[in-house]
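My entries follow the structure.

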Amino acid sequence: MGSNFAVVYACLCLCFVENMQEHRIELRFFKRYIDDALGLWHGHKKDLLHFLDSYASGMKEHIKITSCVSKIDVVFLDPHIFKDVDFDTSHKLSTSCHQKELNRYQYIPFDSGHPKHQKEAFIIGELRRYILRESTVAGFKKIRLLLFQQLRARGYPTKFLRHCFGKVKYTMRSSFLTKKGVKDKNNPLVLKTYYSQYTQKLGLGKCLDHLHKELQKHNELRHLPRPMVCWKNRRNLRSYLVRTKLKEAFPPLDKTHL
């Protein structure tokens, strides 16, 4: 999709499929995310092929719709949905995390200028995503090992990875799958400052924790939330060039001097 309107155009082209009255009984389940759709068909295969051809043939020449029909497995976005060996007894579908063959896993190198907590955050985020996609412990352990090897190839030390990997365990899967209600929170106290190798060594987080403990000793200040640090990057040369207005940078010529 090379333009902002491409998403809207894709939704407009496919939304009428959801409103088709024909074969409504056979199409037991249908969900779509932009131009990717997943459906469950209960009926004859020839009727399914006719249904797929009916909406694929109605598109213009430059729009192509491809479909994958299978009784065993299907890939929809990240999840790989399939019937495991215990499907006949459990009647439950299993899932795993689908990874494309062309993916080169170009994660942030460890020697980059990103803060350490930022690198830790994306690793934990990947592990949580794998937990949600993998329906078995064995599948999670397998893909977790692949992630460990991929990050080692990007220069991440073993000690740092063990620290990050130890924060996410498969036993947390039930809590990740449970929808949590939004709690009413007070506006946080935020210290916004620039990030650099010097400000990182100040230990502002520990200083704010100490300040919060001192505030808790006073009854009138106990309601104040724990302060937090918000890091922001300094403006570089690129940001000045992008945001510069041409009228201010190049004032109009005075015709009297021509």
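These entries cover the salt bridges, then the patch, then the histidine.

Entry 1, ground rules. I worked from a predicted model, in which local features need pLDDT of at least 70 and side-chain atom pairs count only at pLDDT 80 or more, while totals for chains, interfaces and linings use all residues. Residues are numbered from 1 along each chain as its sequence is written, and side-chain values use heavy atoms, with hydrogens and water left out.

I searched the whole structure and found six salt bridges (a side-chain nitrogen of Lys or Arg within 4 Å of a carboxyl oxygen of Asp or Glu). Side chains of opposite charge can pair when their charged atoms come close.

I looked up D78 and R133, which form one of these bridges, with 3.9 Å between the closest N and O atoms. D78 sits in the loop between strand 3 (73-75) and strand 4, and R133 in helix 4 (residues 116-133), so the pair ties together parts 55 residues apart in sequence. Helices (H or I, at least four residues) and strands (E, at least two) are DSSP runs, numbered from the N terminus. D78 is partly exposed at 29% relative accessibility, and R133 is partly exposed at 21%. For these labels, buried means under 20% relative accessible area, exposed over 50%, and partly exposed in between (1.4 Å probe, protein chains only).

I then checked E120 and K167, whose closest N and O atoms are 2.4 Å apart in a salt bridge. E120 is in helix 4 and K167 in the loop between helix 6 (158-165) and helix 7 (173-177), so this pair ties together parts 47 residues apart in sequence. E120 counts as buried at 14%, whereas K167 is partly exposed at 41%.

I noted a nonpolar surface patch of about 440 Å², made by F5, V7, V8, Y9 and L12. Patch residues have over 30% relative accessible area and no salt bridge; nonpolar side chains (Val, Leu, Ile, Met, Phe, Trp, Tyr) are joined within 5 Å, like charges within 9 Å. Areas come from the Shrake-Rupley method with a 1.4 Å probe, and for residues only the protein chains shown count as cover. V7 belongs to helix 1 (residues 5-14) and is partly exposed at 31% relative accessibility.

I found H80 in strand 4 (residues 79-82). Beyond its neighbours within four places in sequence, H80 is in contact (heavy atoms within 4.5 Å) with residues including D73, S94 and H98.
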